[in-house]
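Here is a short briefing to read alongside the model.

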Amino acid sequence: METLSELAARWTVRADAGTLSPEEQRELDSWLAADPRHLGAYVRARAQWVDLDRLAALQGFTPRQEKSPANSRTEAPDCDLGVASGVVTTPKSAMTTTNMFRRGLLAAAIAGVGVLGGGLSLRMFSDDKERYSSGIGEMRRIALVDGSMLLLNTDSEVIVRLTKQQRNIQLARGEALFEVAHDKSRPFIVQANDARVRAVGTAFAVRVQEAQVEVTVAEGVVEVTDVRSMSGLDPIAPSASRVGVERVTAHERAIISSARPPEVLPIAPAEVERQLAWREGLVSFEGETLLVAVSEINRHNRHQIVIDEPRLASLPIVGVFRATDLQGFAAAAAAALNARATVDGDLIRLQAKSTKR
């Protein structure tokens, strides 16, 4: 029996060799629809296949240039690791050394062996941990091989480790939304600071903010544990056998900090959507202070807003803003609060109109 990764890789190679026949396309569609994990494995294999172009170029293999447009190879756009953002198709008559090189690399990757050549070493799947990160102002979607999806907010990082027993994610910094593929045999566990979140099939967001962790559940149920209370306990044992476990259901939020025990609070469905507005590249405020709002908008931008007038910092802000539109937010805030926004190099300063520098 071929493994899931092998099957996904085989479909990737067949699709890249040329247009699938109607029967082959139906077979592929049926396989993808049979299990969410199949789609995750296929997306991942396609992304790896595209990325092998870069390695082939480094190895000195370049595809032959064909004069005929019909035989020319179209490069897929750049993509995140784990997400194929384009489809690469090459007529069978135009197979090149690069294609064969990529096939060999992908086969070796699936087998878990190292590929050496020209002083460059490639070892794929030999390490069971994978690290993904997003830049400032960037959102990044990641498809895991089990069918789960991760969405990283600005300036965030996760470390993924999938085993036969469980699925482990460490949120090193920032914020991430998790859409978990249902698999009772392998719990999905996210760890952030002192918080451990256990889910089977659900959708929830986790945010690390200094010493505090917030868990917002959009669908399903998760179990949140403060790891400081787990000494000597099995983290994947049923919750009934553990102490200090808080169940958090849809439209609830858990707050875990070093200063107090975990706290679970109900939140309205509309509030969940507002808190997760970053999925659409937005930030939404409903009476938060200007200080809080500026802190949030600054997370998404390399240039920063500075509040020069202490009185302004405590005033409330209401509105929905594009997360990367620093100037738009500053102008709107200044108009609403009878202030002024001035550009000072990489900074935008918010000052009361009566204040002079």
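Leaving aside neighbours within four places in sequence, aspartate 183 is in contact with Arg37, Arg167 and Val200, where contact means heavy atoms within 4.5 Å. This is a predicted model, in which local features need pLDDT of at least 70 and side-chain atom pairs count only at pLDDT 80 or more, while totals for chains, interfaces and linings use all residues. Residues are numbered from 1 along each chain as its sequence is written, and side-chain values use heavy atoms, with hydrogens and water left out.

**Aspartate 183**
- Aspartate 183 sits in the loop between S8 and strand S9 (188–192); strands are DSSP runs of E with at least two residues, helices are runs of H or I with at least four, and both are numbered from the N terminus.
- With 11% relative accessibility, aspartate 183 counts as buried, because buried means under 20% relative accessible area, with exposed over 50% and partly exposed in between (1.4 Å probe, protein chains only).
- Its side chain makes a polar contact with the side chain of serine 185 at 2.6 Å. A polar contact is a pair of N or O atoms within 3.5 Å; within protein, one must be able to donate a hydrogen and the other to accept it, and residues adjacent in sequence count only if both atoms are side-chain atoms.

**Glutamate 175**
- Glutamate 175 belongs to strand S8 (residues 175–179) and is buried, at 6% relative accessible area.
- The side chains of glutamate 175 and tryptophan 278 form a polar contact of 3.2 Å.
- Beyond four places in sequence, glutamate 175 has contacts including Leu151, Ser156, Arg207 and Arg299.

**Asparagine 301**
- Asparagine 301 is found in the loop between helix H6 (290–299) and strand S18 (304–307), and is buried at 9% relative accessible area.
- A polar atom of the asparagine 301 side chain lies 2.9 Å from the backbone oxygen of alanine 323.

**Nonpolar cores**
- The largest nonpolar core has 29 residues, and Val158, Phe178, Phe188, Phe204, Val206, Val215 and Val222 touch the most other members; such a core is a set of buried Ala, Val, Leu, Ile, Met, Phe, Trp, Tyr and Cys residues joined through side-chain atoms within 4.5 Å.
- Apart from that core lies another of 22 residues, among them Ala313, Ala339, Ile348 and Leu350.

**Overall**
- The protein has eight helices and 21 strands, and buried residues make up 45% of its 357 residues.
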